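Here is a walk through a two-chain model, written for someone who would rather look at the picture than at a list. Keep the viewer open and follow along.

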Amino acid sequence: MDRQKKPTKPKRPKITLEPWQNSKIEPYIVLKNLSKNYDGVPAVQDCTLDIYEGEFYSLLGASGCGKSTLLRLLAGFEKPSSGKLFIGGQDMTHVPSYNRPVNMMFQSYALFPHMSVEQNIAFGLKQEGLPREEIKNRVYEVLDLVQMSRFSKRHPNRLSGGQQQRVALARSLVKRPKLILLDEPMAALDQKLREETQFELVNIQEKVGITFIMVTHDQEEAMTMSSRLAIMEEGWIQQIGTPHEIYEFPNSAYVADFIGSINLFEGVITGVTKEMVNIKCPMLSHTLSVPTNTTVPIGGSVTVAVRPEKLEIGIDKPTYKHNWEEGIIEDIGYYGDMSIYHVKLPSGQTVMASLLNLDRISIQQLTWNQSVYVSWQPENSIILTT
Amino acid sequence: MLKSNLFPKIILGIGLCFLYLPILIIIFYSFNAANFTSIWGGFSTRWYYELFQDTYLWQAAWTSLKIAFTSATLATFLGTLASLALTRFSPFKGQRLFSSLTIAPLVMPEIIIGLSLLLLFVSLNICIGWPSKRGFWTICIGHTTLSMAYVVAIVRVRLSHFDKTIEEAALDLGAKPLRVLTFITLPIISPALFAGWLLAFMLSFDDVVISSFTSGAGSTTLPMVIFSRIRTGISPEINAFATLFIATITLIILLLAWVKLRKQPV
């Protein structure tokens, strides 16, 4: 109880929203053309990133895309083959991990099995040679933060997975590093616990104001937690942006398909006006019309992408010229809060349309093999050139 | 039904007899009053009394203990270093050769090791004047050569199964590599180190072959004494000694089991 009376709270830093928009703010972590090869096989290729103080940054990608290697480069467990890494303006490219102001939370938690929870967390502070009293205060401060003070004398093998995760987080927080790296922090938790932990982790991050970089393959997790995220594929960074930017403005078919589900139509530009681009797709019977935002000339081939929730589905024939198709409901996926309809077009292509189940008993019941019309607004479709 | 129930028990009985009857016989005959090992001449503790008078035997036992302790400690130290080099260093030139060399003594006949060590010590004496006489240290070196291979076999497996992220976590928390080794790696693998040490100790303690080649005057080990006495007919005194020895080991094992049981519920 004594400990709670005088909390030595770390000062809550001023949070600037979207610091990457402000050219006056210097990025805190800078990766310049960072590459890593394993025996000639590239794992991370020419990676350039700016990460700002206080961000919750996610590295997202399928397994083997190089996101974990990038995290290990940041931690100092791997030496880059080329390129530079700066943290807080200092060149950290060749600084060993024990001298970096960076702490990592491992996917396996990597708790020391021969030490109690308290000793595990105190380990990092002991390396700094702090007085015993201060070590104890700081250990209990972070244990309070992750609500694990009750278990301070236990050994890790007598804790549940969720409790071990909290200890691992506390251990990475206790040294008050400039940067915390999280390697799939929620991978070992069950679904329910994972959702709770996601919000808690973001709250803790906001409380301590430390920059977090998280590696995950779970796109939902990355979307809900991050300030910004980088999508990686085969060692390359495909796109960097806020969750909203990544979802609504993907820059490639890979990103569009990796984040959420999407309908892709390949076609050729047939006409360009001041506002609209017209595209003819061999798989669709009507032309597509998309707001002009591309430099591809007439005759150039592009891919048009539309998210399922942007599609309207109905039994009334649309009155406009572009962006609609007739089809038959082939499959219905019921998710409770919404349903996803797979509509088969005459050309054989299937498009997905999702509909929120706003009423408990739907008035306009759509069912299998029903003839329906799918349509969408021009501004809701995206032109992808790659 | 009865038959099939009985059969495994009989086999078990035969197996247990095969393993432990000789030991029981030794204990039994250690209380024999007769001058010969194989004839029962009534109960007596005469041989225990004579055993305690036998300073030569006790001296040999003390030498053996010292040699076993020293060589086991040396073997554990060197074997752990070799295992660390094999599992923790990035691949180096000659790693495979080094790996085979460390375990070579396991498959080498002891008599060859003993003979080659003897030749080595003799020629070293001619070249550099050491060892001028063979004794405690030459036996220690000989035993370490052999038992280090066993230590490597045990410790290396433990290290290669070791979760390396635990070491990385310690580095990440600011511990320099030597501190990681001292405070994280070694404490976690300590059961393997202890097992290796114990095995090395026992190997040294009952070794006859290498000791015979590398010992000199005044440094006779216990197994050498027993072995040489058996050639002149087994003295019942040795039975008494063996009984005491078995009793000591049993006591140690019971003590360890008791300590382990007490630790468990915490």
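Where the two chains meet, chain B puts in 15 residues and chain A puts in 17 residues; a contact here means that the C-beta atoms of two residues, placed from the backbone, lie within 7 Å. On the chain B side, helix H7 (164–172) and helix H8 (177–205) each give at least two residues. H7(B) has the largest share of that side, with seven residues. Helices and strands are DSSP runs numbered from the N terminus, with at least four residues (H or I) for a helix and at least two (E) for a strand. Sorted by class, the side of chain B that touches chain A has nine nonpolar, two polar and four charged residues. The classes work like this: Ala, Val, Leu, Ile, Met, Phe, Trp, Tyr, Cys and Pro are nonpolar, Asp, Glu, Lys and Arg are charged, and the others, Gly among them, are polar.

A word on the ground rules: this is a predicted model, in which local features need pLDDT of at least 70, side-chain atom pairs count only at pLDDT 80 or more, and totals for chains, interfaces and linings use all residues. Residues are numbered from 1 along each chain as its sequence is written, while chains are lettered from A and ligands numbered from 1 in the order in which they are written.

**Chain A**

Chain A splits into domain 1 (2–101 + 177–253) and domain 2 (261–384), with bounds from an automatic or database domain assignment. Their C-alpha centres are 35 Å apart. Four residues of domain 1 of chain A and five residues of domain 2 of chain A make the contact between them. The domain 1 side of chain A has three nonpolar, one polar and no charged residues there.

Now for the sheets. One open sheet of chain A has four strands in the order S2-S1-S4-S5, with antiparallel pairing; strands count as paired if DSSP finds at least two bridges between them. Strand S2 (41–51) and strand S5 (90–91) of chain A are at the edges with a single partner strand each, so one side of each has no neighbour in the sheet. Strand S1 (residues 29–38) of chain A runs antiparallel to S2(A) and is joined to it by seven bridges. If you want a pair to click on, A:Leu31 has A:Leu49 in S2(A) as its bridge partner. Helix H2 (residues 67–75) of chain A packs on this sheet, where it touches S1, S2 and strand S4 (82–87) of chain A, and its direction makes about 65° with that of S2(A).

Another open sheet of chain A has five strands in the order S13-S12-S11-S14-S20, again with antiparallel pairing. Strand S13 (288–291) and strand S20 (381–384) of chain A are its edge strands, each pairing on one side only. Direction ignored, neighbouring strands of this sheet are turned by 45° against each other on average. Six bridges link strand S11 (residues 263–272) and strand S14 (residues 301–306) of chain A, which run antiparallel. A:Leu264 has A:Ala305 in S14(A) as its bridge partner.

**Helix pairs in chain B**

Axes are lines fitted to C-alpha atoms, for helices over the stretch in contact, and angles run from 0 to 180 degrees between N-to-C directions.

| Pair | Axes come within | Crossing angle |
|---|---|---|
| H3(B) (residues 55–88) and H8(B) | 8 Å | roughly 140° |
| H6(B) and H8(B) | 9 Å | roughly 160° |

H3(B) and H8(B) are therefore oblique to each other, whereas H6(B) and H8(B) are therefore roughly antiparallel. The cut-offs are under 35 degrees for roughly parallel, over 145 for roughly antiparallel, 65 to 115 for roughly perpendicular, and oblique for the rest.

The contact of H6(B) with H8(B) includes B:Tyr150 and B:Ile154 of H6(B) and B:Leu199 and B:Leu203 of H8(B). By class it has 13 nonpolar, four polar and one charged residues.

Most residues other than glycine have a negative phi, and most peptide bonds are trans. B:Trp130 and B:Pro131 are joined by a cis peptide bond, with omega about -5°. B:Pro131 sits in the loop between helix H5 (110–128) and helix H6 (136–160) of chain B. A:Tyr109, not a glycine, has a positive phi of about 70°.
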